[in-house]
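Please look at the sequence and the model, then read on.

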Amino acid sequence: MNNFESIHSSLDFNESLLEANPFADAVPTGSGSIEPAETQHNHDIEQQTVIEQQTTPPVNEQEIEEEPSEITEQLQQVDINKSTSLDTSSIEDTQSKSLQVPESGSRPYFQITIEDPQKVGDAINAHIVYKVRTKTNSPAFRSPEVIVARRYRDFLWLYNQLTLGNPGVIVPPVPEKHALGRFQDDFVESRRMALERCLQKIVAHPMLYGDPDLKVFLESESFNIEKRQRRAEPEKLGFMRSFGETISNAATFSKFVEVDEWFASKRNQLDALEVQLKGLLKSVEGVVKQRKELGSATADFGESMFPLASAELNHSLSTHLRILGEIQKKMKQLHEEQAQYDIITLENTIDEYIRIIGSIRIAFNARVKAYQTYQQADSELQRKLALFEKVKAQQKNKPDKLAASQQEINEMKQKVEELEQEFDDISKLIKSELDRFDKEKVEDFRDSVQQFLCSMIEHQKQIVALWETYFEQTEGLEEEEEEAEAE
């Protein structure tokens, strides 16, 4: 197998973009046309076939801290091939029927919640298990409501599977791993919300909600067994390692540098957006920290009122001080609640979009690899053409040898055309995905800011109401004191 064929076979997962998602509203075709999700959504999807896909996701190095043995096994089984087939076998027909869009022609309904996080395991292998509840009318699922137990590494597996199986798609990212404080209540709740939002965005994505790996994740009762069955075959490992080395070798593709002004501009915009978001995230984290510190300081101030009230001989002043101390202690809870709402409304959204930018870069890298593979094949074709003309010009040549060379060149031309089409399809898909990203970004940040302001207004009302209780409780104390002194 020559060099370009090796590289291309490693990128066969590009084809899953075209055939592996029977639910997709926007499916690239052989002509390279990609219809918008809103238009393609109303079309009947027929004769889609899907077979079991075997792939192993790249492993997050931080995950090794949590599961050394299983991650070692993953590192030994890395493969990014996620192949599909157009053969109409009985197995494919059965699965195709089970993954069809409902007869109404509309996208299946999904409602996903993550509930009841529980810490399990011993002190060394402790981890959090989440209950994933899925309600859907999709005929692909065994029941309208499915509940499964999943841990963080399972979510990471799903993200990697969807990313590798759908090159060019911006896959909603899972939250990052944290080695410290991962069992604290605030962190567990924050991660639960982030994971829930990630799944909700995945099932809302027009090219992901029908992915077979997602179905396995959401409903499999023997998930650990099934996800191992979907990994790479051992004999492919040697080739994949060599492919990784080839990609990482800058000299291999140094002469195949594609410069597209539109994509270059988008990259610059994303870099600038990331810098702005990180600055904003740092500021919000500072505000949250200050709110919590203010709550603690307020509580300390309130506590200092009680000894002073006890030592005060004047009954009216003593009562004022005691009520003030009680209000200050209650104020601490309001400040802490506001800090938590700041995290929920703004901080989580900012952090999510910083991670989404990372997913966009992965989609860009899939496009770069497709371009490099296409250019490598075209370079090989030109070399074969030059060699063919050289042999043809010689006086002593055999017709059968020329015919074999011509056949090889024709096959090579067809491969180059297919690779070029794959590159064009991924490019168009990424543009469509970026349009979707821009729209969702506006909606998500608008909603987050509105929720942030509403929470601020509500907590300020509660603070005002709390201060009003001070005047209500102290009203008339001076008059009672004067009457007591007059008697």
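Q: What makes the three strands an open sheet, and in which order do they stand?
A: A strand here is a DSSP run of E of at least two residues, a helix is a run of H or I of at least four residues, and both are numbered from the N terminus. Two strands pair if DSSP finds at least two bridges between them. The order is 1-2-3 with antiparallel pairing. Strand 1 (110-120) and strand 3 (145-151) each have a single partner strand, so they stand at the edges and one side of each is left without a neighbour in the sheet. From one strand to the next the twist averages 20°.

This is a predicted model, in which local features need pLDDT of at least 70 and side-chain atom pairs count only at pLDDT 80 or more, while totals for chains, interfaces and linings use all residues. Residues are numbered from 1 along each chain as its sequence is written, and side-chain values use heavy atoms, with hydrogens and water left out.

Q: Which strands does helix 8 touch?
A: Helix 8 (residues 212-219) packs on the sheet and touches strand 1, strand 2 and strand 3. Contact means heavy atoms within 4.5 Å. The direction of helix 8 makes about 90° with that of strand 3; axes are lines fitted to C-alpha atoms, for helices over the stretch in contact, and angles run from 0 to 180 degrees between N-to-C directions. Helix 7 (residues 185-204) lies across strand 1 and strand 2, at about 150° to strand 1.

Q: What makes C454 buried or exposed?
A: The relative accessible area of C454 is 52%, so C454 is exposed.

Q: How many disulfides are counted?
A: The rule asks for a pair of cysteine sulfur atoms within 2.5 Å, and the count comes to zero.

Q: What does UniProt list for residues 402-436?
A: An unreviewed UniProt entry lists them as "coiled-coil region"; such annotations may be inferred rather than shown by experiment. In the model, residues 402-436 are 100% helix and 0% strand, with the end C-alpha atoms 51 Å apart.

Technical notes:
Buried < 20%, exposed > 50% of the residue type's maximum accessible area, 1.4 Å probe, protein only.
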